[in-house]
Amino acid sequence: MTMKKANFFVPFFFFGTIFFRFASAGDKNALAASFVFGDSLVDAGNNNYFQTLSRANSPPNGIDFKPSRGNPTGRFTNGRTIADIVGEKLGQPSYAVPYLAPNASGEAILNGVSYASGAGGILNATGSVFGNRLGMDIQVDYFTSTRKQFDKLLGEDKAKDYIRKSLFSIVIGSNDFLNNYLVPFVAAQARLTQTPDSFVDDMISHLRNQLKRLYDLDARKFVVGNVAPIGCIPYQKSINQLQDKQCVDLANKLALQYNARLKDLLMVELKDSFKDAHFVHANVYDLFMDLIVNFKNYGFRTASEACCETKGRLAGILPCGPTSSLCTDRSKHVFWDAYHPTEAANLLIADKLLYGDSKFVTPFNVLHLRDL
């Protein structure tokens, strides 16, 4: 599948370039640019620019996103994504612009670009039930185009140095289970012919190649998140008719199986192969599980009910939209909708990635990675 840049106007597309600041060579600890790859957890609006069932461009999505004055931008949450918050706290003056946005060219890209796409996965087949989406292979293809733009903007030598100072955040993998291997009926035959071990092997093989492609394009600072406890999200609880404190064992076991392989890939294999690169492993699984189990300690009222949801028989299945009911206090919910965290939860997760210890981020936190 190939996507072309959209050439039409979408309201509020310009937030990524309200402010501009070039990270000068003399600023030792400056974050040059933030490049974001992944799925709907960090999609900044790419899915607005093509036909897909996986979109968040209708209210009340974005209701707390201040740059848009509460209008939807395509983010699958009420406010900022984890990637938005991390970039902001690392000193980025504006959010990474969606690659498919009309303004994703020229000086706008020097602050960073987001290639993330709702329903996207490591495997190309992932998310096909939603129609169009950007899988990780296509996202890396798009970065290849961006990389050429940097050479034209800065010159080859400065561009290479700039890219090597930049942060590459990868948050992907959940959809490969939720919208591929675990999809009822659609994937039933695949599960008969492909064991979980084989499926995870396929994911790791593809991700290895994708990370190598980014390295070959001068990426050197990587933050790679593992898969969250997807068996505990409201969607899984709803379709499996579970109680508040219950989670789907199979979904979580698959996530843990993949996560173990991912850690070996990052902390052993790639670390040894690419000695001039830095790979930070973000333990998203334990971060989310800590929030889900100990939600009251963090000031939340619930970690099982979505703030924005459809009532009745389809509760927890349909996406957040204009006909959904909305909770009265979004800061008291871990989950915004059936799949995605609220900005309040994203803030807590981002802080632990930025400043946390080895329980959640190894071998060091993201702030340290920026300063290398």
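Q: Is Ser324 buried or exposed here?
A: In this predicted model, Ser324 counts as buried because its relative accessibility is 14%, where buried means under 20% relative accessible area, exposed over 50% and partly exposed in between, with a 1.4 Å probe and protein chains only. As the model is predicted, local features need pLDDT of at least 70 and side-chain atom pairs count only at pLDDT 80 or more, while totals for chains, interfaces and linings use all residues. Residues are numbered from 1 along each chain as its sequence is written, and side-chain values use heavy atoms, with hydrogens and water left out.

Q: Where does Ser324 sit?
A: Ser324 lies in the loop between strand 8 (308–309) and strand 9 (325–326); strands (E, at least two residues) and helices (H or I, at least four) are DSSP runs numbered from the N terminus.

Q: And what does Ser324 touch?
A: Leaving out residues up to four places away in sequence, Ser324 touches Cys308, Glu309, Thr310 and Pro319, with contact meaning heavy atoms within 4.5 Å. The side chain of Ser324 also reaches the backbone nitrogen of Gly321 at 3.0 Å.

Q: Switching to helices, at what angle do helix 2 and helix 3 cross?
A: The axes of helix 2 (residues 136–154) and helix 3 (residues 156–165) cross at roughly 130° and come within 7 Å; axes are lines fitted to C-alpha atoms, for helices over the stretch in contact, and angles run from 0 to 180 degrees between N-to-C directions. Helix 2 and helix 3 are therefore oblique to each other, given that angles under 35 degrees count as roughly parallel, over 145 as roughly antiparallel, 65 to 115 as roughly perpendicular and the rest as oblique.

Q: Which residues make that contact?
A: Helix 2 contributes Phe143, Arg147, Phe150, Asp151 and Leu154, and helix 3 contributes Glu156, Lys158, Ala159, Lys160, Tyr162 and Ile163.

Q: What about helix 9, how many of its residues are buried?
A: Seven of the ten residues of helix 9 (residues 284–293) are buried, so helix 9 is largely enclosed by the rest of the structure. Those buried residues are Val284, Tyr285, Leu287, Phe288, Asp290, Leu291 and Ile292, and their packing partners include helix 8 (249–273), strand 6 (278–282) and helix 10 (343–355).

Q: And how many for helix 1?
A: Helix 1 (residues 82–89) is mostly covered, with six of its eight residues buried, and these pack against strand 1 (34–38), strand 4 (167–171), helix 10 and helix 11 (366–371).

Q: What comes just after helix 1?
A: Gly91, which takes a positive phi of about 105°, is found just after helix 1.

Terms used: A polar contact is a pair of N or O atoms within 3.5 Å; within protein, one must be able to donate a hydrogen and the other to accept it, and residues adjacent in sequence count only if both atoms are side-chain atoms.
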